[in-house]
Amino acid sequence: MATVRASIARAAIVAAVTCAGWMPVHNAAAQTDVTSASTIPLLKGFQNPPKSAKPSVYYILLNGYANLDYVGHELGQLADMGIGGLCVFDMGARGLKEAFPPVGPAFMSDEWIESFVHIVQQAAELDMDVQFAVSSSWDMGASWVKPQDASMALYHSSLPVEGPSELDKVLPLPASPAKSPRDEQGKPLFLRDIAVLAFPESQTDHAGEAELAIEDADSILNLTDHLETGGRLSWKVPPGKWTIVRFVCANTGELLKVPSPASDGLATDHFSKQATRRYIRYLTDRLEERLGDLRKSPLKQLYLPSYEVRGAIWTPEFVERFREYRGYDPTPYLPALIGYTIKDKDFTDRFVYDFRKTLGDLLVDAYYRTASECARRVGLGIEAEAGGPGPPVHQVPVDALKALGAIDEVRGEFWPWRTDRDNLWVVKETACAAHIYGRQRVHMEAFTGFRHWEDGPFDIKPSADRAFCEGMNHVVWHTSCHQPPEAGKPGWVYGAGTHLTPNLVWWPMARPFIEYLSRCSFMLQQGLFVADVCYYYGDQGFNFVPPKHIDPSLGYGYDYDVINAEVILNRMTVDRGRIVLPDGMRYEMLILPNRQDIDLQVLERIADLVKAGATVVGPKPTRSTGLTGYPDYDRQVRRLADSLWADCDGKTVLEHRWAKGRIVWGRPPRLILQGRGVGPDFHYTRKGDDTDLDYIHRNTPEADIYFIRNRTMRSESVNAYFRVSDKVPELWFPDSGRTVELLVYEQTAQGIRVPLQFGPADSLLVVFRKFDDQPHLISADSGLTVTDVTDSEVRVTAFKNGSYQMKTYDGRTAGFAVDDILPEMRLTGPWKVSFAPGWGAPDSVPFAELKSWTEHENPGIRYFSGIARYEKEFEIRREWFRDNSRLYLDLGRLWCIGRVLLNGQSLDVVWKPPYRVDVTKAAKPGSNKLAVEIANTWANRLVGDARLPEGQRRCRTNITRSGTPGKPWREIPLRESGLLGPVRLAMAVEKTVALPADDSSR
């Protein structure tokens, strides 16, 4: 007989219920003994997340201005609300110039550094970590950057000549941008000749379109050695018509994007190690002068923003670096970069492939890797958005995964509200890099956008949950501007962001949502990501990972990583048929891209992996990449591919076993996994076809952790299956820190089946960490929460009258009825509503019924932004108070966040549906005094202000527009605000149900 488990304290159980009908949202729960369990590190960290899991913020000194007398108070408020770190940014203001902050000192001037040191010292006292953004705005650059270290491009001029003749002429100087730094005579301050090439003039007509073509690559003559100082070329021109092209390297004149007024300067040459080294060392030397040993300071990392340099790209040492990376001289083929086809399209494409790949390698080595080396020299790390965002938003010349692998801490970003938001959703890419390079935290610039103050916590929760499911596990909130009292309210803010500052209307109630983000982050930082397959995304130069999407051939229930050549070559091995990485990641198979070319070294390494037992899935390559080793590398690729794939053609023959492993082509990965006995990691069944759940799974030696989110805005009920065996499922609630054991589940061939209920846009953590050695149920009718199971009885909480059935793990069934739940009580008007003073609304007005403030005839209420207090006295009959009853107050609808107080007791902050609070302990027979405080955002007051004469406006801010595309505040629709109801009091009852005796032999 199973061991009878000690009965759990039932009075502590807080049952969750749905919006409609008071049904339990999360079924079959028993309260964990927190007192003893709090010694368990996982649970302790979940209930009280450490600093590493708490959100950080972009702490922006707008226009470089800082009120040092206020900084400590402001940072204290951030720390008290659960913020764990700052990324300090100097940034220029946008919007209404008359409302800008004062102009502060120049970035990295003595006065500016004093401000930064003060911030660091205040953060240290609050145990907050600090990052330092290396520029005033972005990209990397500053006023002290000299032209030789500034952003470069390759420019050209052409000169037609005809021979035979003697040429002795100054070649025309290629045009460079007007903003390129110049001397008094207008000549670029930095100019270096790269090459002078001559080739026979020819034009080929294809389908009526003229194409610049050089049919014979050997006809391209390198005349660089004939070029004299000043651009003069002396050359004996052979017979025929020739084109001479002069290539020079000069500055683009690229400046910082949004610097503070005193801090503009040139962006650095991101492809020059020397430029990066000089820049980072300048910063760290200056900081060490005031902070001393940086290893002992709260400053942890230097932050490099995403690469957004515009236009053509070059660096003076590019040819030399190209030779090192690719093994041949690119000089003869430079015309391919200005529109010429050399030899044929394939030959030209191969060179462009090598060019783009070299740019990517250079950006990684000269910028990210060099910056990391310089930072480590003084005990700092580098965190960066090294992987993008890529096309179509920015043309970042890089292998994104390799770039992220070159730094210490990886960061991406997401924009919740863009119509094309997948183009600015760099989450899966960043998570993949962390997984394959052994980085534990996946930082994310979060909630970036232009909907200033339009949204509350529940509005942005779905985007956070989506990012969590793609791999984010640390939030860096964009943004939190320094807002001293002179900024007014809502205050100075950067031109983009979902602003998190003490000036927020809902700031006094912000902590529960911030703790939600912290708890989710902590749990998703544990152990390793669980993925069944890894996709190789090729070795091309500009390479990016799109947002999470499950290939139909893999199918729902499996997850994946994307992997690059560097990891295949240097970090991938095979263990018992599975592909493994040094940090513990394991995959069932490697899937190749659907393309004919492959890097020879990568294919050779893949052959080693297959030989050792790996399963590799994908089409047979037919050629190598680029011009390196061409055409011999093509022959070697075909020879090795013939051996690996043999007669596997993806149509009639789908598999070839080779040594210990196998090649598969033409069979869906899902079928391959199932053939290996690997079923879906998570899946679910439900009544309807439109239920939509997403998930992510982390595994530690002690626990399996699943984060699951409901992608719909309605309640959902499913049977969820987890690829776990012999474990007890638990629900860990990230909004409250509460943990409960699930007592209704079943061990099946597909995994552990758990009935789960979700509210709108709800999210759950399902944790498996205890072995299954206890009595439990395998089914129970909806409308119940099961709180305890022994061999002889079941303890339940029921939320509606009716007949119920349940079945135990050992096959017994029990039925019972509930008929003593009283009908719910509606709290109707009138309500006394008091408004925060100073924002246009009357001090107090009666509401005959609950309705949105925006529907009120008084414009001060209609456009009100702030916190309003709803008060009401109501009677509860004594019969509601029984030993087995629990009472719940449901607020119906509200926006955007509320706090409930009953009889003077502050009970809970509610920020997401269901807006419901357990009032059992606070309620009493007879008269009860209810207060509900509701906060909205600044949006409605800003809309109202925009419709008033300037002298009558109450808000002060530099932001005059909102949304994408931005509209003036007067055109922004009002957000429904306030307590909207209906407000109801409802009863649930607890019952003990006896189980029939088990007569089977045990």
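How many bridges join strand 21 to strand 22, and do they run parallel or antiparallel? Four bridges join them, and the two strands run parallel. Strand 21 covers residues 533-536, and strand 22 covers residues 560-563.

Before going on, some ground rules. This is a predicted model, in which local features need pLDDT of at least 70, side-chain atom pairs count only at pLDDT 80 or more, and totals for chains, interfaces and linings use all residues. Residues are numbered from 1 along each chain as its sequence is written, and side-chain values use heavy atoms, with hydrogens and water left out.

Strands and helices here are DSSP runs numbered from the N terminus, a helix being H or I with at least four residues and a strand being E with at least two. Two strands pair if DSSP finds at least two bridges between them.

Back to strand 22. Y536 of the chain stands opposite I563 in strand 22. Both faces of strand 22 are covered. Y560 and V562 on one side are buried, and so are D561 and I563 on the other. Buried means under 20% relative accessible area, exposed means over 50%, and partly exposed is in between, with a 1.4 Å probe and protein chains only.

Now the nonpolar cores. A nonpolar core is a set of buried Ala, Val, Leu, Ile, Met, Phe, Trp, Tyr and Cys residues joined through side-chain atoms within 4.5 Å. The largest one has 285 residues, and Y368 and L590 touch the most other members. Helix 7, residues 345-377, gives the most to this core, with 13 residues.

Next, helix 9, residues 428-437. Because 10 of its 10 residues are buried, helix 9 is largely enclosed by the rest of the structure. Those buried residues include K428, E429 and H435 as well as A431 and I436. Just after helix 9, G438 takes a positive phi of about 75 degrees.

Six strands form an open sheet in the order 46-45-47-53-50-51, with antiparallel pairing. Its edge strands are strand 46 (844-847) and strand 51 (905-910), each of which pairs on one side only. Neighbouring strands are turned by 25 degrees against each other on average, direction ignored. The angles are taken between axes, which are lines fitted to C-alpha atoms, for helices over the stretch in contact, and run from 0 to 180 degrees between N-to-C directions. Inside this sheet, strand 45 (residues 831-835) and strand 47 (residues 867-876) pair over four bridges. S834 has R869 in strand 47 as its bridge partner.

Some backbone details. The loop between strand 4 (129-136) and strand 5 (141-142) holds D139, and the peptide bond from W138 to D139 is cis, with omega near -5 degrees. S137 is in that loop too. S137 is not a glycine, yet has a positive phi of about 70 degrees. S137 counts as buried because its relative accessibility is 0%. W453, in the loop between strand 18 (442-446) and helix 10 (457-470), also has a positive phi, of about 60 degrees. At 6% relative accessibility, W453 counts as buried. Another cis peptide bond joins T964 and P965, with omega about 0 degrees.

Last, salt bridges, each a side-chain nitrogen of Lys or Arg within 4 Å of a carboxyl oxygen of Asp or Glu. The structure holds 75 of them. In one, R246 meets D193, with the closest N and O atoms 2.7 Å apart. This pair links distant parts of the chain, R246 in strand 11 and D193 in strand 7, 53 residues apart. R246 is buried at 4% relative accessible area, whereas D193 is partly exposed at 29%.

D465 and K461 form another, at 2.6 Å from N to O. Both lie in helix 10, four residues apart, about one turn of the helix, and both are buried. D890 and R916 meet at 2.3 Å, N to O. They lie 26 residues apart, in strand 48 and strand 52, and both are buried. Finally, salt bridges that share partners join K428, K548, D559, D692, D694, R709 and R711 into one network. K428 is among the buried residues of helix 9.
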